[in-house]
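Please keep the sequence and the structure in view while reading.

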Amino acid sequence: MDHFSSYHPSVLLVYYVIVLLLTMFTVHPVLLVCSLLGGILFFAATNPLKALGKNLIFYLFLFFLLALTNPIFNHRGETPLFFMNDNPVTLEAILYGAGVSVMLIGIMFWCKCYNQVMTSDKFVYLFGKAIPKLSLVLSMALRFIPVFKSQMKKISQVQKTMGLYTSDSLTDRVIGSIRTLSALLTWCLENSIETADSMKARGYGLKGRTNFSIFCFRMDDGILLAALGAFLCMSGVGYQQNVFEFYYYPSVSPIPTGAGAYLQYSIILVMMLFPSILEIKGRIQWKLLRAKI
Amino acid sequence: MEIIKSEDLSFTYPGQEKRAVDSVSFKILPGEFVVICGESGCGKTTLLKLLKRELSPNGTLEGEIYYMGTRLGELDDRTAACEIGYVMQNPENQVVTDKVWHELAFGLENMGVPTPEIRRRVGEMASFFGIHEWFQKETSQLSGGQKQLLNLASIMVMQPRILILDEPTSQLDPIAAADFINTLHKLNRELGLTILLVEHRLEEVFPIADKVAVMDRGRLLLYDTPRIIGSELKEKYQNHPMLLGLPSPMRIYQQLDARDDCPLTIREGRDFLTRNYQKEGRIQSPEREKPVRHREKEEELAVHLKNIWFRYERALPDILAGVDLRVRKGEIFSILGGNGSGKTTLLSVISGQNKAYRGGIKIFGKKIKEYKSGELYRHNLALLPQNPQTVFLKTSVAEDYKEIGKVMGYGKEELEEDIARIAGQLNIQELLPKHPYDLSGGEQQKAALGKMLLLKPRCLLLDEPTKGIDAYSKAVLRGILDNLRKEGITILLVTHDVEFAAQISDRCSLFFDREVISEDTPVSFFSNNNFYTTAANRMARHMYPYAITCEDVVALCRKYGRKSI
Amino acid sequence: MKKDLLVLGFVILIVAVLLSGTKFQSVEDYYQTHIDDIKEDSETVTLSIRCDTVLEHWEQLSPQLQSDKYIPEDGVILPPTEYVLRPKDTVFDILNRAVRHSKIQMEFQGADDNVYNSVYIKGIHHLYEYSCGPLSGWMYKVNGEFPDYGCSRYKPEDKDVIEFVYTCDLGRDVGGEFEQ
């Protein structure tokens with residue numbers, strides 16, 4: 001069902017690195033809009049509509065806030081709209097602010113999707129390749145955090161029902177939470193002894209430990225990786241041809257046009273939309289398959 | 001050849017005079033299912049740990065342990081780690097990694113098994129245990145029963161020849177526990193796996209065990225088949241506290257004079273009673289006068305819930321839906337119910353931790369909202385949580401108690417007096433200077449209860465008070481609760497321990513489908529239930545329908561006498 | 001929660017803008033600066049703005065500025081012009097009047113915003129610091145000397161010649177050494 005996330009973690013990582021770098025190191029409006037579109041669509045494909053709506057409203061606000069803040073602090077540009085405290089508020093500065101906020105919002109949407117796609121086990125797996133010990137430590141830590149949290153909640157609730165630390169004074173509450181924390185630490189140490197026993201009992205420390213993972217590198221992963229490589233080469237060519245050059249100051253430079261530029265734009269659009277296209281395709285296929293049942 | 005053989009094994013912890021394990025000799029043959037029972041602190045756990053080399057405690061060891069004819073100390077590391085599997089008590093703490101599949105693979109990774117082989121073995125094991133449905137999940141999202149099953153599976157994947165389990169079901173609810181025991185039985189029956197199990201919950205394991213070992217104060221008293229153990233205990237060890245933990249049919253058998261084979265299961269128990277004892281002549285309800293079904297006046301009620309609705313979040317389903325509950329002053333009221341049915345949530349609503357979105361709660365006739373901050377918890381209500389460890393914040397029990405004194409504003413002398421009185425009442429004087437985490441489960445329970453009593457509550461809420469404690473501690477707890485009732489303290493407890501509720505309660509009720517239903521006295525509550533009732537009642541109901549505890553059955557048997565043959 | 005923070009941010013921004021005594025002017029208002037007519041008895045100074053060094057370092061110049069729209073072919077942004085020197089005038093005051101009169105874009109950092117206690121000229125005619133290499137920026141000369149303090153602290157005298165010059169090499173290419 002969830003097609004994009006079923007790719008091999010290393011391929012996913014490469015994809016994300018390319019997308020984020022491409023978004024972060026450019027102010028070219030076509031690229032930024034492509035990236036934002038890709039991010040939002042992918043988010044929409046993997047999340048309920050309600051969450052999307054909420055996020056869109058929030059980021060629309062953020063967009064205006066950022067776009068309007070920039071001209072207050074930045075007075076460059078040759079088209080002053082009016083002067084504020086003897087400083088020009090320029091059209092270029094507003095456009096630049098808008099560009100940067102599109103970039104930021106695009107990155108935020110990509111990061112939201114990243115969290116959903118690159119789950120902790122994939123992350124651990126990627127690092128485990130490089131440093132096997134670290135991957136185990138990470139995995140143990142990731143198990144520990146939810147346990148820690150739930151115990152913390154339990155302890156503080158129980159303390160509350162004993163009438164401890166419920167007073168409204170802030171210092172009391174701070175002291176209370178420090179005590180809870182120290183009790184929690186004791187609890188953790190106490191219980192981690194058992195965890196250590198359990199590890200020993202299962203032969204941890206024997207020579208020749210291997211690392212197991214449930215991910216395997218398939219044909220599809222290779223194809224996507226190759227496609228990404230080709231894409232990088234193409235972008236390199238585009239960079240050479242100054243297709244991605246863009247300026248806001250002192251005046252907004254014209255968007256490069258021409259066959260070469262359009263080709264570049266369309267490749268970038270396809271690449272940015274790739275995950276959402278996969279998701280949507282998967283969904284349509286599923287609908288069709290289900291209709292046959 | 002025996003898989004494990006111990007010869008005259010003794011063990012002393014450093015700095016202690018008494019031997020924790022005292023000249024124990026036994027043999028376990030391949031494919032045997034052996035159960036060790038005994039009170040807490042009788043050395044069961046120490047003995048098990050000695051058998052697993054990686055876990056054996058520091059101390060002086062005498063005697064020998066052989067694994068497949070080789071001294072345990074001379075085994076190579078790989079064999080010792082892989083062929084002897086060990087499952088511990090607490091499901092939570094044994095889990096090492098964050099994902100179920102990784103947990104299953106952990107042992108094999110340590111052994112250095114290559115990835116394709118791990119993939120096969122893990123897949124095989126997950127299918128055998130029915131784990132494949134939650135194979136990709138995070139371990140923190142599993143229930144206690146699932147975690148323990150995962151622990152078992154992640155040992156089994158290493159293909160051990162003997163499995164050692166230390167009270168694996170003590171933290172589980174009865175249904176999960178029965179599932180777990182069934183899985184063990186399946187492993188033993190279908191794979192011929194040798195199993196050595198320490199258990200409190202003997203009802204399920206006695207019938208399937210090949211051998212039972214009874215331990216007392218470090219010594220191995222008896223080691224034989226369950227049926228012979230039953231007869232021997234009857235002859236040699238009358239009134240031994242260990243007997244409290246036996247399955248109900250065996251306990252009833254112990255206290256009666258009939259000479260017959262010891263019954264192990266309910267069915268055998270029924271046959272035993274039918275064979276040997278007279279039926280009740282004219283069946284009469286033990287409640288001489290029908291309880292007047294009057295509606296209690298408001299001032300007679302300690303806790304009064306009226307049409308309570310609760311859910312954790314707006315988008316989530318209701319946990320409580322129209323709960324009505326009337327707990328009278330000075331009674332012990334039990335709410336029984338399955339796991340995850342919302343019993344704990346109900347307590348959290350009564351104790352004001354969570355707020356109902358609809359309905360009214362009155363504690364001693366006063367609305368819960370009208371209690372100012374903390375006032376509810378002073379001299380009114382105290383909640384003993386499921387996990388007593390969460391109660392303690394300090395490095396010794398005594399310091400924790402003093403903390404309460406500060407909150408309640410007791411004077412120094414008053415506080416010391418109170419502590420001494422409560423410590424005497426609960427018989428925990430020697431626990432006061434100890435660190436709370438060094439206590440056993442039953443002791444922690446008592447110490448936590450002591451802390452609650454320092455709040456001088458008029459009403460005590462208990463959440464699963466019998467979880468993880470042995471039969472003897474349960475009997476002690478029953479005594480304590482009885483005394484508290486005599487002092488006029490109202491007790492409301494939620495539990496799935498049917499036997500305990502039957503023995504202690506004034507009234508029982510069932511929590512089912514988000515409501516409290518069918519509240520009644522224990523006698524009519526349990527005798528009206530066919531399935532959800534005590535083992536003693538199930539065993540004797542064809543003869544004495546109103547007998548619900550072992551004591552009732554024994555008393556009635558004695559009253560109506562033996563069948564003349 | 002997130003939304004509340006955003007709204008709060010908006011409100012704070014607006015309030016800050018309003019409270020700081022903001023003065024809004026249209027473009028026409030801003031550039032309508034009164035220049036005193038030169039009379040016989042008035043004290044005057046001569047001001048010029050030049051950027052001819054950029055022409056020699058064209059390859060270092062930011063690409064977007066590489067046009068004679070921003071860099072005049074002779075490098076002269078403001079030819080030497082005489083301005084009336086009002087009492088208490090600083091070099092900055094004269095520059096400010098001159099660029100507003102000639103509608104030349106200029107951005108500066110106020111004296112309160114930096115460590116020099118003096119106004120710092122960030123850019124004139126869209127030519128900013130660092131626009132032509134990492135050592136580039138605006139400097140000023142009075143009678144051929146580079147004063148070693150900021151232009152809003154220098155009070156010129158009658159008949160002084162003030163030159164604003166753009167350097168691409170910390171002043172070395174315009175005949176001065178930038179003070180450490």
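## The sheet in chain B

Two strands are said to pair if DSSP finds at least two bridges between them. In general, the strands of a sheet pair through backbone hydrogen bonds, in either a parallel or an antiparallel sense. In this predicted model, chain B holds an open sheet of four strands, arranged in the order β2-β1-β4-β5 with antiparallel pairing. Its edge strands are β2 (21–28) and β5 (70–71) of chain B, each of which pairs on one side only.

Strand β1 (residues 4–12) and strand β4 (residues 60–67) of chain B are antiparallel partners, joined over seven bridges. Within this part of the sheet, B:K5 stands opposite B:Y66 of β4(B).

## The contact between chains A and B

How many residues does the contact take from chain B and from chain A? Chain B contributes 54 residues and chain A contributes 44 residues. On the side of chain B that touches chain A, at least two residues each come from α2 (77–83), α3 (91–94), α4 (100–111), α5 (115–129) and α13 (397–408) of chain B. The helix α4(B) gives the most to this side, with nine residues.

By residue class, the side of chain B that touches chain A consists of 27 nonpolar, 18 polar and nine charged residues.

## Confidence of the prediction

The model has an ipTM of 0.84 and a pTM of 0.77. For chain C, the average pLDDT is 83, and 96% of the residues score at least 70. Where pLDDT is low, predicted coordinates should not be read in detail.

How values were computed
Residues are numbered from 1 along each chain as its sequence is written. Chains are lettered from A and ligands numbered from 1 in the order in which they are written. This is a predicted model: local features need pLDDT of at least 70, side-chain atom pairs count only at pLDDT 80 or more; totals for chains, interfaces and linings use all residues. Two residues are in contact if their C-beta atoms, placed from the backbone, lie within 7 Å. Ala, Val, Leu, Ile, Met, Phe, Trp, Tyr, Cys and Pro count as nonpolar, Asp, Glu, Lys and Arg as charged, and the others, Gly among them, as polar. pLDDT is the predictor's confidence in each residue, from 0 to 100.
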